[in-house]
Amino acid sequence: MITIENVTFHHGRSRILHNVSLNIKKGGITAVIGPNGAGKSTLFSLMARISPLQSGSIRFDGLDIRKTQARELARKVAIMRQDTHVDSRISVRDMVGFGRYPHHQGRPSENDHDKVEKALDLFALTELAGRFLDELSGGQRQRVLVAMAYVQDTDYLLLDEPLNNLDMYYARELMRQLRDLADNHGKTVVVVLHEINYAASHADMIVALKDGYVVAHTDTASFMTEENLSRIYGMPVPIETVKGCKFAIHHT
């Protein structure tokens, strides 16, 4: 379980998060959604220990992120940041291989190499494995970063806007892969999403933020109502049901 208690975060004089408390149960996919400036990426950066906690606590299966050593936490939680940028010229295979470092500490075994090759195959990167990151499109680099987080083989997978730069095909495939990891491999996936309909289609639970407050934390079917979405996004958002799934009709 992910336990977040009384987390408040300030940037200068601006309060970005207001006394956030959440319990995210182990297993399944939890989507964190909300309008721009809601605090989604700030909460992610605190959970991922990218930004230091200013108040409150965050624990993964009882491991306090303030007190747990980096190596131990890296074997429990894998992250993919929204703003990841790599300056050095590195191949796709080597970049994905970095995800295994918490396990082998610079001495990769045959098992580590096998896991990297399987990740390359899973994310349709095998043909790109020998190419350098600076030769790839934005969507291809995005898949490399998700594969690097995946191959870390942790109980928890935290992804901040992983669908950025992905076309419809690869966005759908990634969400299906995350669904498979949750359903068939026991992973707990927490994903920050900009597009509400991907959350509606694939997430078990929704955490909705607005102005730094948690305004909803419930199962996806219950959350997907016109009242909820209109309140959070400040505009009318009609809901239609297609093949048993509720979708937000917000494009027109």
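This is a predicted model: local features need pLDDT of at least 70, side-chain atom pairs count only at pLDDT 80 or more; totals for chains, interfaces and linings use all residues.
Colleague: Is Thr 30 buried or exposed?
Modeller: Thr 30 belongs to strand 3 (residues 28–33); helices (H or I, at least four residues) and strands (E, at least two) are DSSP runs, numbered from the N terminus. Buried means under 20% relative accessible area, exposed over 50%, partly exposed in between (1.4 Å probe, protein chains only). Leaving aside neighbours within four places in sequence, Thr 30 has contacts (heavy atoms within 4.5 Å) that include Val 190 and Met 205. Because its relative accessibility is 4%, Thr 30 counts as buried.

Colleague: Which residue in strand 5 is the bridge partner of Phe 60?
Modeller: Strand 4 (residues 57–60) and strand 5 run antiparallel and are joined by two bridges. The partner of Phe 60 in strand 5 is Leu 63.

Colleague: What is the angle between the planes of Phe 60 and Tyr 156?
Modeller: The structure holds three aromatic pairs; rings of Phe, Tyr and Trp (its six-membered ring) pair if their centres lie within 6.5 Å, and planes under 30 degrees apart count as stacked, over 60 as edge-to-face and the rest as tilted. Phe 60 and Tyr 156 form one of them, 5.4 Å centre to centre and edge-to-face, with an angle of 70 degrees.

Colleague: How many residues apart in sequence are the parts tied together by Phe 123 and Tyr 150?
Modeller: These two rings form an edge-to-face pair, 5.5 Å centre to centre. Phe 123 is buried at 5% relative accessible area, whereas Tyr 150 is partly exposed at 27%. Phe 123 lies in the loop between helix 5 (110–122) and helix 6 (138–151) and Tyr 150 in helix 6, so the parts tied together are apart in sequence by 27 residues.

Colleague: Which residue follows helix 10?
Modeller: Helix 10 (residues 226–233) has buried residues, among them Leu 229 and Ile 232. The residue after helix 10 has a positive phi, near 70 degrees, and is Gly 234.

Conventions: Residues are numbered from 1 along each chain as its sequence is written. Side-chain values use heavy atoms; hydrogens and water are left out. Two strands pair if DSSP finds at least two bridges between them.
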